[in-house]
Amino acid sequence: MSRAVRRLKDALRPARNVLAALCGFGYDFSRYVRYAGWRGRRDRRKKDYKAVKAYHRLEKSLSFRQRRQGSGWDAAGDLVRLLSRGGFDAAALGYHETVGIKVLRDFVAAAPAEAPRREVSEFLRRAALWPAEGGVLELSAEALRAGRLDDPERFFLSRHSVRDFRPEPVPQALLERAVRLAMKAPSVCNRQAWHVYQLDRRESIDRALALQNGNRGFGHEVPCLLIVTADLRAFDSHGERFQHWIDGGMFAMSLVLALHALGLASCCLNWSRGPLDDLALRRAVAIDGAHTVIMLMAVGYASERLKVCYSARRPLASILTHLD
Ligand SMILES: Cc1cc2nc3c(=O)[nH]c(=O)nc-3n(C[C@H](O)[C@H](O)[C@H](O)COP(=O)(O)O)c2cc1C
């Protein structure tokens, strides 16, 4: 390539980036329009996500030290109307909906002085036998402190992105334990819109990694590849248009730390790709259309002797501004 052509390409790069970003925004917008929870009243999964949004208002009300007399009944009514939509069918309830019933029951029990609204008491009579978990827990501060690490620096500072794995497979039980631990990550209204796709077969991993641009030199040895996604169906208001990336990112971080706590190494792999690559990944791996890819993650046991990037950290003063 001649110098003049290279210079021209360099000069055009910013404009190309902006145009490509525009395509990316368009693609994200079209996925939001197609999959997010703002429409599709008959979609059971969207209804289930709406249930968690509704019952979470009740759970919060139950957890407040000082509850206002009469508060929460509007939220209870909203929840009942949502759960009854299309006729109450216990067998067809989603997970969040079953939790909603438990929370509703706890809410009524916690306000004995307040006569339950008729729609609420009638609904609970119909759903009387439904077992579920949810509500509030009474805890001591000591119970929370039980999670304190004796040496947090040892845990956090011994985590590194690993790009040199032993060939042995990741035990399934250990991987599932890590995902279960990561599921304790906070999420907006506890919607937990995460979904993880796991690939262990060499051909499947290679096919997915061929579309990713940060695994050259080590991708061919990754023994387990996770694709962390978040379900757009869980988000129904315009203000939540970026929420799936935020919740998905927090889950991914939780997963990285859970893997580290269990002795497994990982390396996040960016999915900072354009629409065409995203569509190609969806052709290569059976990813639900409503699931947004947050990142890929290489997982495995680190080699016995390995090198990792130093990855120097900025000074604290450039990160933390103490205003008052
Ligand atoms: C969202 C995300 C995407 C990343 N993508 C890549 C990648 O494509 N390839 C890679 O080798 N490392 C990738 N990394 C790892 C970073 O390079 C690494 O986290 C950073 O350099 C800090 O190093 P440490 O994780 O060892 O502390 C990614 C990290 C994050 C959080």
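Biologist: Why does Arg13 count as partly exposed?

Modeller: Arg13 has a relative accessibility of 43%. Buried means under 20% relative accessible area, exposed means over 50%, and partly exposed is in between (1.4 Å probe, protein chains only), so Arg13, at 43%, counts as partly exposed. Before we go on, this is a predicted model, in which local features need pLDDT of at least 70 and side-chain atom pairs count only at pLDDT 80 or more, while totals for chains, interfaces and linings use all residues. Residues are numbered from 1 along each chain as its sequence is written, and side-chain values use heavy atoms, with hydrogens and water left out.

Biologist: What makes Arg13 and Asp10 a salt bridge?

Modeller: The term is used when a side-chain nitrogen of Lys or Arg is within 4 Å of a carboxyl oxygen of Asp or Glu. For Arg13 and Asp10 the N to O value is 3.4 Å, so the pair meets that rule. Asp10 is partly exposed too, with a relative accessible area of 41%. By this rule the count comes to 21 salt bridges.

Biologist: Where do Arg13 and Asp10 lie?

Modeller: Both are in helix H1, three residues apart, about one turn of the helix. Helices (H or I, at least four residues) and strands (E, at least two) are DSSP runs, numbered from the N terminus. Helix H3 (residues 73-84) holds another such pair, Asp78 and Arg81, also three residues apart. The closest N and O atoms of Asp78 and Arg81 are 2.8 Å apart.

Biologist: And what makes Thr98 buried?

Modeller: Its relative accessible area is 9%, and that is under the limit for the word, so Thr98 is called buried. Thr98 sits in helix H4 (residues 95-109).

Biologist: What does the side chain of Thr98 reach?

Modeller: The side chain of Thr98 reaches the backbone oxygen of Tyr95 at 2.6 Å. A polar contact is a pair of N or O atoms within 3.5 Å; within protein, one must be able to donate a hydrogen and the other to accept it, and residues adjacent in sequence count only if both atoms are side-chain atoms. The 2.6 Å for Thr98 and Tyr95 is within that distance limit.

Biologist: How is the protein divided?

Modeller: There are two parts, domain 1 (44-126) and domain 2 (153-300), with bounds that come from an automatic or database domain assignment. The C-alpha centres of domain 1 and domain 2 lie 33 Å apart.

Biologist: How do you know that domain 1 and domain 2 are in contact?

Modeller: Contact means heavy atoms within 4.5 Å, and nine residues of domain 1 are in contact with 11 residues of domain 2. The size of an interface is often given as the accessible area lost when the parts come together. Here that buried area (the accessible area, 1.4 Å probe, that two parts lose on being put together, summed over both) is about 960 Å², 54% of it on carbon and sulfur atoms. On the domain 1 side, Arg45, Tyr49 and Lys53 supply 55% of the area buried against domain 2, more than any other three residues.

Biologist: How many salt bridges are there between domain 1 and domain 2?

Modeller: Three salt bridges are counted between these domains. In the one formed by Asp288 with Arg45, the closest N and O atoms are 3.7 Å apart, so this pair is within the 4 Å limit. Arg45 and Asp288 also belong to a network of salt bridges with Asp231 and Arg233.

Biologist: Why does the pair of Asp236 and Lys50 tie together parts that are apart in sequence?

Modeller: Their side chains meet in a salt bridge at 3.0 Å, N to O. Asp236 lies in the loop between strand E2 (224-231) and helix H10 (243-261), and Lys50 in helix H2, so the pair joins parts 186 residues apart in sequence.

Biologist: Last one: what is the phi of Gln192?

Modeller: Most residues other than glycine have a negative phi, and most peptide bonds are trans. The phi of Gln192 is near 50°, a positive value in a residue other than glycine. Gln192 is found in the loop between helix H8 (172-182) and strand E1 (194-199). Ser311 likewise has a positive phi of about 50° although it is not a glycine, and Ser311 is found in the segment after strand E4 (291-300).
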